[in-house]
Protein chains: 2
Amino acid sequence: MTQSRPRIPEATVARLAVYLRVLTGLAGGGRSTVSSGELASAAGVNPAGLRKDLSHLGPCGVRGVGYDVATLRDRIARVLGVEQSRACVLVGIGNLGTALADYAGFGSRGFRFVGLFDAAPARVGQRIGGQPVRPMAELDEVVAATAATIGVIATPAEVAQPVCDRLTTAGVRSILNFAPVALAAPPEVDVRQVDLSVELQVLAFLGQQRSDAAGSLEVLA
Amino acid sequence: MTQSRPRIPEATVARLAVYLRVLTGLAGGGRSTVSSGELASAAGVNPAGLRKDLSHLGPCGVRGVGYDVATLRDRIARVLGVEQSRACVLVGIGNLGTALADYAGFGSRGFRFVGLFDAAPARVGQRIGGQPVRPMAELDEVVAATAATIGVIATPAEVAQPVCDRLTTAGVRSILNFAPVALAAPPEVDVRQVDLSVELQVLAFLGQQRSDAAGSLEVLA
DNA sequence: GGTTGTGAAATGCTTCACAGCT
DNA sequence: AGCTGTGAAGCATTTCACAACC
């Protein structure tokens with residue numbers, strides 16, 4: 001029955017996740033209040049932008065003082081839906097999949113992997129972070145039993161689409177795809193794509209552009 | 001002495017990297033031409049946006065026909081600076097670091113890792129993808145010898161800042177950081193941040209928002 | 001007929017500046 | 001005095017619609 005639905009911008013949601021991480025760290029260090037300036041510099045953003053982001057949650061600071069660390073943390077966690085931890089399944093337990101399964105950042109931020117799957121018989125049965133790697137045949141069963149709504153794909157590109165299909169028919173509603181291919185999925189399923197090498201390529205382009213620009217310094221003199 | 005500097009938008013650069021990947025795949029499959037519609041759907045974007053992106057490179061298609069796959073691929077590769085391969089060093093050879101070092105997508109897209117580094121003695125000397133893991137003490141030497149300009153950080157968060165400092169003093173100009181902390185670096189060094197769990201959190205938020213919205217379907221009826 | 005290339009409109013996001021509160 | 005919250009301005013990006021072209 002929430003009457004207000006002010007549509008939080010996606011860019012803001014992404015930053016809220018970062019603020020949440022920083023606030024959790026501050027709370028762990030015993031800190032009780034922060035200013036927007038300090039929080040912004042720890043998160044790598046500008047202070048005015050941070051305040052605008054927080055304004056989407058309604059007033060949550062004290063003027064002249066700052067924000068209460070624990071209160072703000074809980075407020076953001078509730079908005080992001082991280083208060084109750086969400087069940088995820090992970091398909092593709094290579095190096096990347098193993099890194100994701102082990103990554104403490106997930107567990108501590110409201111996500112738990114309830115199933116690790118791989119098609120290679122050699123990997124099935126290995127234990128990663130206390131959990132066994134299961135064969136793909138058990139996917140539907142595990143998704144049904146755990147009510148997992150999120151699937152993560154860390155397979156080679158060639159098999160990502162069939163894995164996506166299997167996840168959607170098993171009942172997963174959201175998919176995070178690390179394989180470098182665009183996936184087709186029914187409209188009721190959200191798919192987000194992360195391409196690790198795109199960031200590197202953007203970085204290289206910016207570096208190249210900057211050194212080119214350095215050749216025309218005299219324009220500024 | 002390139003006289004034209006029309007400032008390609010960063011969002012476009014990121015997508016160009018994706019188009020390049022798709023085009024490379026098409027060329028490998030023996031395909032000679034593509035339309036913007038087909039290329040867009042393989043890249044997961046909308047056709048008009050793709051054409052606008054390509055317009056930053058100047059005219060490169062044939063009206064009524066489409067784009068020549070090989071020509072467009074080479075054009076994008078040149079703009080992104082992928083023709084000459086770039087030397088990178090990678091610090092932090094855990095699961096994620098290993099995944100990055102092994103990831104074929106880098107090698108085939110203009111990046112080569114010329115040094116893998118880790119602080120843990122147990123990891124030093126292991127071979128990943130044909131290369132030995134080196135101790136941090138050799139960092140400056142390798143960066144100098146290979147003229148590496150890009151550093152990738154895949155360490156735990158606690159040591160990412162000191163690693164960043166070591167990379168910048170060694171002479172690296174661009175840094176891609178996978179550790180979940182905002183890094184401070186001198187202004188002449190580009191830092192880009194990738195937080196693997198942020199995407200998952202955005203996905204969870206969108207999923208939650210959508211199921212909330214499903215409760216108010218009658219508004220549309 | 002079919003498809004590209006592109007101005008112009010629309011949208012979304014960021015930054016600024018300052019009013020408002022403690 | 002200090003810091004938050006926010007309207008408004010400025011900037012970037014996406015989408016649309018269609019003229020230009022093969």
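This is a short walk through a model with protein chains A and B and DNA strands C and D, starting with chain A and ending at the DNA.

Okay, housekeeping before we look. What you have up is a predicted model, where local features need pLDDT of at least 70, side-chain atom pairs count only at pLDDT 80 or more, and totals for chains, interfaces and linings use all residues. Residues are numbered from 1 along each chain as its sequence is written, chains are lettered from A and ligands numbered from 1 in the order in which they are written, and side-chain values use heavy atoms, with hydrogens and water left out.

So, chain A. Its C-alpha trace spans about 60 × 55 × 35 Å along the principal axes. The secondary structure comes to 9 helices and 9 strands; helices here are DSSP runs of H or I with at least four residues, strands are runs of E with at least two, and both are numbered from the N terminus. Chain A has domain 1 at 10-80 and domain 2 at 86-198, with bounds that come from an automatic or database domain assignment. The C-alpha centres of those two domains lie 30 Å apart.

Of the 221 residues in chain A, 45% count as buried. Buried means under 20% relative accessible area, exposed means over 50%, and partly exposed is in between, using a 1.4 Å probe and protein chains only. Take contacts, meaning heavy atoms within 4.5 Å: among those in chain A between residues at least 6 apart in sequence, 53% join residues at least 24 apart.

Let's zoom in on a few residues. UniProt, in an unreviewed entry, places a "binding site" at Gly92(A), Ile93(A), Gly94(A), Asn95(A), Leu96(A) and Gly97(A). Those positions are in the numbering used here, feature names are shortened, and annotations may be inferred rather than shown by experiment.

Is Ile93(A) buried or exposed? Ile93(A) counts as buried because its relative accessibility is 2%. You'll find Ile93(A) in the loop between strand 3 (86-91) and helix 5 (95-102) of chain A. Leaving out residues up to four places away in sequence, Ile93(A) touches a group that includes Leu116(A), Phe117(A), Ile128(A) and Val133(A).

Asn95(A) sits in helix 5 of chain A. With 29% relative accessibility, Asn95(A) counts as partly exposed. And which residues does Asn95(A) touch, not counting residues up to four places away in sequence? They are Asn95(B), Thr98(B), Ala99(B) and Asp102(B).

One more stop in chain A: Asn177(A), in strand 8 (residues 174-177). Asn177(A) has a relative accessible area of 0%, so this residue is buried. Its contacts, again without residues up to four places away in sequence, include Ile153(A), Leu183(A) and Arg192(A).

Now the DNA side. The unreviewed UniProt entry has a "DNA-binding region" covering residues 18-57 of chain A. Over residues 18-57 the chain is 70% helix and 5% strand, with the end C-alpha atoms 15 Å apart.

Start with DNA strand D. There are 23 residues around DNA strand D, and Ser36(A), Gly61(A), Tyr67(A), Arg15(B) and Arg63(B) come nearest; a residue is near a strand if one of its heavy atoms lies within 4 Å of it. Sugar and phosphate make up 59% of the atoms of DNA strand D that come within 4 Å of the protein.

For polar contacts, think pairs of N or O atoms within 3.5 Å. Ser36(A) has a backbone N or O atom 2.5 Å from a phosphate oxygen of DNA strand D. On the bases, a side-chain N or O atom of Arg63(B) is 2.8 Å from a base nitrogen of DNA strand D, and a polar side-chain atom of Lys52(A) lies 3.3 Å from a base nitrogen of DNA strand D.

Over to DNA strand C. Of the atoms of DNA strand C within 4 Å of the protein, 58% are sugar or phosphate, with the rest in bases. Helix 3 of chain A gives the largest share of the surface near DNA strand C, with 4 residues.

Key:
A polar contact is a pair of N or O atoms within 3.5 Å; within protein, one must be able to donate a hydrogen and the other to accept it, and residues adjacent in sequence count only if both atoms are side-chain atoms.
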